[in-house]
Every structure is written in C-alpha cells, then in structure tokens.
Amino acid sequence: MLEQRITLINKLGLHARATAKLINVTTQFSSKIMMGRSPDRLVDAKSIMSVMLLAASKGTELYFQIEGNDETEAWQAIEEIILQRFGEEE
C-alpha cells in the first residue's frame, strides 16, 4: 500500500472540472484509491460526488492511500495531473 500527500496548487482547487479530470485518471486503475483531507477521513477517489464533497481549495493538503497491482502507476498519474494544475492556466 502506498500512502502519499500532495498539496493542491491550482487556483480553484478541486472544482467540478478539476475533479472530473482527477476521476478520469483514478478510474483508469484497478487499485483501490482513497483520498481525503486527513488520513483518518478518506473517501473513494473514484467517486465524483465523494471527491467534490471534500471541498478542497488551493493549498489543501490531500492524503492518498492506494492499494493494488498498479498502485505506483496510479500515484504517478495522480501526482502528474495535480502538479500540472489539472491543465489549467494557473
């Protein structure tokens, strides 16, 4: 199991479009992917409603727990889209 943290750096945080892009990434992997604002309150990172309810804005540190055969690849893809600001300008 991988446990990672990352801070949202895009201007609007996990708004609808960014969340949809994240879900598009997470659903590509068979691993169980959980995320949240703290390691003790995680939600399914493949559920758009669960992720939207996190209401994570810019500067929010997100915790990820990823478990499965493709966990490393899943984390790399998640980290990449977040660091690329979900393809947004800023």
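**Note on the predicted model: sheet and helix packing**

1. Over residues 1–89, the chain is 33% helix and 27% strand, and the end C-alpha atoms lie 33 Å apart. Helices (H or I, at least four residues) and strands (E, at least two) are DSSP runs, numbered from the N terminus. This is a predicted model: local features need pLDDT of at least 70, side-chain atom pairs count only at pLDDT 80 or more, and totals for chains, interfaces and linings use all residues. Residues are numbered from 1 along each chain as its sequence is written, and side-chain values use heavy atoms, with hydrogens and water left out.

2. On the annotation: the unreviewed UniProt entry lists residues 1–89 as "domain: HPr". UniProt positions are given in the numbering used here, feature names are shortened, and annotations may be inferred rather than shown by experiment.

3. The sheet is open and has four strands. Their order is S1-S4-S2-S3, with antiparallel pairing. Two strands pair if DSSP finds at least two bridges between them. The edges are strand S1 (2–7) and strand S3 (41–44), each pairing on one side only. From one strand to the next, the twist averages 30°. Axes are lines fitted to C-alpha atoms, for helices over the stretch in contact, and angles run from 0 to 180 degrees between N-to-C directions.

4. S1 and S4 pair in the antiparallel sense over six bridges. Leu 2 stands opposite Ile 66 in S4.

5. S4 also pairs with S2. Five bridges join these antiparallel strands. Lys 32 has Glu 67 of S4 as its bridge partner. Gly 36 stands opposite Tyr 63 in S4.

6. Met 34 is partnered by Asp 44 in S3. Met 35 has Val 43 of S3 as its bridge partner.

7. Helix H3 lies across S1, S2 and strand S4 (61–67). H3 runs at about 0° to S1.

8. The axes of helix H1 (residues 16–26) and helix H3 (residues 71–83) come within 9 Å and cross at roughly 160°. H1 is therefore roughly antiparallel to H3. Angles under 35 degrees count as roughly parallel, over 145 as roughly antiparallel, 65 to 115 as roughly perpendicular and the rest as oblique. The crossing of H1 and H3 is right-handed: the near helix is turned clockwise from the far one by less than a right angle.

9. H1 brings Lys 21, Leu 22, Val 25 and Thr 26 to this contact (heavy atoms within 4.5 Å). H3 brings Ala 77, Ile 78 and Ile 81. The residues of the H1–H3 contact divide into five nonpolar, one polar and one charged. Ala, Val, Leu, Ile, Met, Phe, Trp, Tyr, Cys and Pro count as nonpolar, Asp, Glu, Lys and Arg as charged, and the others, Gly among them, as polar.
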